[in-house]
Amino acid sequence: AAKAHALGALALIATDDPTTDSDNGNGLAVCVAGGAQGVAQLLAHADEHVQVGAADCAAILAEIPQCQSMLTQHGAEEKLVLLASFGNDLARARAIAALELLSLNNPAIRDSINAVGGQKVLDGIFKYGNEAMRSAAASLAQGLASDDAVAIAVDAKAHARQAHETRMKHSRLLDQATGVRRAVAPGAEGR
């Protein structure tokens with residue numbers, strides 16, 4: 001239980017203010033301090049609560065391009081694909097969010113996710129998953145199915161805005177599916 005609580009605290013520290021597109025710098029500090037390696041390792045933990053916490057934390061850290069690289073250096077994409085396949089519903093939803101954020105503006109990571117079976121997992125979710133899970137996986141599936149290998153050139157502010165929008169989308173989908181709120185600013189529930 002302590003690891004799950006520690007991951008929750010780490011996720012809260014790394015989370016940017018959901019009311020802005022500003023980066024508080026905490027996520028990168030967490031990654032540089034070794035958090036990316038620890039989070040990637042805990043994605044394969046036997047305890048479901050730890051898996052959920054690690055996937056949630058990975059999604060938050062994956063908003064930052066430097067952290068995307070650090071997470072993939074430690075095999076996070078393969079562990080997230082496995083979690084999206086075999087985890088409980090909450091772990092699967094968090095893993096899908098993390099995979100989408102990992103692949104955001106990063107064709108190399110998208111290709112790596114495909115190489116470890118990401119598209120096959122999403123095909124299974126579309127065939128057998130509930131409506132909420134299919135909605136959560138829709139934009140990730142579209143990105144992974146793309147043959148476009150051209151790197152997307154975006155500035156840091158545009159990337160932060162896209163990452164923020166992606167996080168908020170997954171927060172709303174998770175809220176609709178489970179009633180669990182994450183990263184929603186007061187008064188922004190309907191957005």
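**Figure 1. Overall architecture of the chain.** Read along the sequence, the protein chain of this predicted model shows the pattern α-α-α-α-α-α-α-α-α-α. In total there are ten helices and zero strands. Of the 191 residues of the protein chain, 47% count as buried. Among the contacts in the protein chain with a separation of 6 or more, 70% are made by residues 24 or more positions apart. The accessible surface of the protein chain is about 9,200 Å², and carbon and sulfur atoms account for 54% of this surface.

**Figure 2. The salt bridge between Arg-94 and Asp-56.** Arg-94 and Asp-56 form a salt bridge in which the closest N and O atoms are 3.8 Å apart. This pair links distant parts of the chain, since Arg-94 belongs to helix 6 (residues 89-103) and Asp-56 to helix 3 (residues 48-61), 38 residues apart. Arg-94 has a relative accessible area of 11% and is therefore buried. Asp-56 is buried as well, with a relative accessible area of 13%. The cut-off for a buried residue is a value under 20%.

Figure 3. The side chains of Asp-89 and Arg-92 meet in a salt bridge, with an N to O distance of 3.0 Å. Asp-89 and Arg-92 are three residues apart in helix 6, so about one helical turn separates them. In general, an α-helix has 3.6 residues a turn, and therefore residues three or four places apart point the same way. Asp-89 is partly exposed, at a relative accessible area of 44%, whereas Arg-92 counts as buried at 16%.

**Figure 4. The salt bridge between Arg-110 and Asp-111.** Here the side chains of Arg-110 and Asp-111 meet in a salt bridge, at 3.6 Å from N to O. Which of the two residues is buried, and which is partly exposed? Arg-110 is buried, with a relative accessible area of 10%, while Asp-111 is partly exposed, with a relative accessible area of 42%. The count of salt bridges in the model comes to three.

**Figure 5. The buried side of helix 4.** Helix 4 spans residues 65-73, and its residues Cys-67, Gln-68, Leu-71 and Thr-72 are buried. These four residues lie on the same side of helix 4, because they cover an arc of only 135° around the axis. After helix 4 comes Gly-75, which has a positive phi, near 75°.

**Figure 6. The buried face of helix 5 and its neighbours.** In helix 5 (residues 76-86), the buried residues are Ala-76, Glu-77, Leu-80, Val-81, Leu-83 and Ala-84. Why do the buried residues of helix 5 line one face of the helix? Seen down the axis of helix 5, they fall within an arc of 160°, and therefore they line one face. Against which helices do these buried residues pack? Their partners are helix 2 (26-42), helix 3, helix 4, helix 6, helix 7 (107-115) and helix 8 (118-128).

**Figure 7. Gln-162 and Leu-101.** Gln-162 is located in helix 10, which comprises residues 156-178. With a relative accessibility of 25%, Gln-162 counts as partly exposed. Gln-162 and Leu-101 are 61 residues apart along the chain, and their C-alpha atoms are separated by 9.2 Å.

Terms used
Residues are numbered from 1 along each chain as its sequence is written. This is a predicted model: local features need pLDDT of at least 70, side-chain atom pairs count only at pLDDT 80 or more; totals for chains, interfaces and linings use all residues. Side-chain values use heavy atoms; hydrogens and water are left out. A salt bridge is a side-chain nitrogen of Lys or Arg within 4 Å of a carboxyl oxygen of Asp or Glu. Helices (H or I, at least four residues) and strands (E, at least two) are DSSP runs, numbered from the N terminus. Buried means under 20% relative accessible area, exposed over 50%, partly exposed in between (1.4 Å probe, protein chains only). The arc is that of the directions from the helix axis to the C-beta atoms. Contact means heavy atoms within 4.5 Å. Accessible areas come from the Shrake-Rupley method with a 1.4 Å probe; for residues, only the protein chains shown count as cover.
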